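Subject: Structure handover

Hello,

Here is the structure I promised to pass on. Please open it first, then read the notes below it.

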Amino acid sequence: MSYAQDYEYQEYYQYDNRAPTGIWYVDQLLQGGFRRGEIYLIAGEAGQGKTIFSLQFLKTGAELYDEPGLYITIDEPSEDVKRGVRESLGWDLDALESQNKLVFVDLRTHFRTYAKEEKVSADPRDIAKIILEYVKKFGIKRLVIDPIAPLIITSHTDVLWVREYMRELVFQLRKLKDVTTLMTSEIPTGENKISRFGVEEYLASGVIKLELMEYRGFVFRVMFIRKMRWTPVRPQKLVFEIYPHYGIYVLDRLENFMKQVDMWYASLTQQQAPPA
């Protein structure tokens, strides 16, 4: 199936109140995609596909729905991000950027944190103001902040202060009522939690966690749809893969995938069993 053919489903997802993710199976489950104007969290350990998920969301909006997207990065230069997906997936995001369908903003230049050793705090209202200026200038409909943590990590060690900071930032972003926002959060390796600070998942309208799972010697990627406010979908886990040109593609529900593995494992065991 070609890349173009993969997107034939777009005609089924023209709901006024939904922003398709570009991941066909997920869009089916969510009745067309994310609710427009809401804020969602994509969480997971490093290397699980959070950035690809986010860029697939922006790319889908820009190419198929005439919805300009804004990609905010603080952790990694945007040029490195674009080069990475171009080399690994074949996505030419520069072409969309030249048409103002995608806008990449590197907020590192707005923080002295990256120029000096000491860490400083920034008013979340100032950050929202910067984002709002780009939203208005380019008519942005989809926003990604990848990742959210560098906007929060400061010299403060008070967890309550950090949580209030995050609440204020999300409150400011909610004022962008016609902009659908994705925040990514990197979970420290080995920790069994959903977000970096333990508050992001409560503030977001939806939470998707990307993780690795091992079963009977197989290691595969799992997408855990943990929470989707205002959408009648039960929490569930999906097995997915990342393919060149397409991006994230759901293979099956986890329970179905494990049954297939069990069948394969049983067949292999029978073949290796010594004759009676």
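Contact means heavy atoms within 4.5 Å. Helices (H or I, at least four residues) and strands (E, at least two) are DSSP runs, numbered from the N terminus.

Two notes on the source. This is a predicted model, where local features need pLDDT of at least 70, side-chain atom pairs count only at pLDDT 80 or more, and totals for chains, interfaces and linings use all residues. Residues are numbered from 1 along each chain as its sequence is written, and side-chain values use heavy atoms, with hydrogens and water left out.

Two strands count as paired if DSSP finds at least two bridges between them.

Some of the pairs in detail:

- Strand 3 (residues 39-44) and strand 7 (residues 180-186) are parallel, with 6 bridges. Ala43 stands opposite Ser185 in strand 7.
- Strand 8 and strand 9 are antiparallel, with 10 bridges. Ile208 faces Ile225 in strand 9. These two strands form a hairpin with 2 residues between them, and Arg216 in the turn has a positive phi of about 50°.
- Strand 9 and strand 10 are antiparallel, with 5 bridges. Phe224 stands opposite Lys237 in strand 10.

Two residues to look at. Buried means under 20% relative accessible area, exposed over 50%, partly exposed in between (1.4 Å probe, protein chains only). Leaving out residues up to four places away in sequence, Lys209 touches residues including Ala43, Asn192 and Phe224. Tyr65 sits in the loop between helix 3 and strand 4. Tyr65 is buried too, with a relative accessible area of 11%. Tyr65 and Pro20 are 45 residues apart in sequence, yet 8.9 Å apart in space, C-alpha to C-alpha.

On a 1 Å grid over the protein atoms alone, a cavity is a set of points where a 1.4 Å probe fits but cannot get out; a pocket is an open set with protein on both sides within 12 Å along at least five of seven lines; lining residues have an atom within 4 Å of a point. Grid points are joined across faces, edges and corners, and a volume is the space filled by probe spheres set on the points.

The largest pocket holds about 320 Å³ of space. Of its 19 lining residues, the closest to its centre are Lys50, Thr51, Tyr71, Glu76 and Asp146. Helix 4 gives the largest share of the lining, 4 residues.

There is 1 cavity of 30 Å³ or more. Its lining consists of Ile23, Trp24, Tyr25, Tyr246, Tyr249 and Val250.

Best wishes
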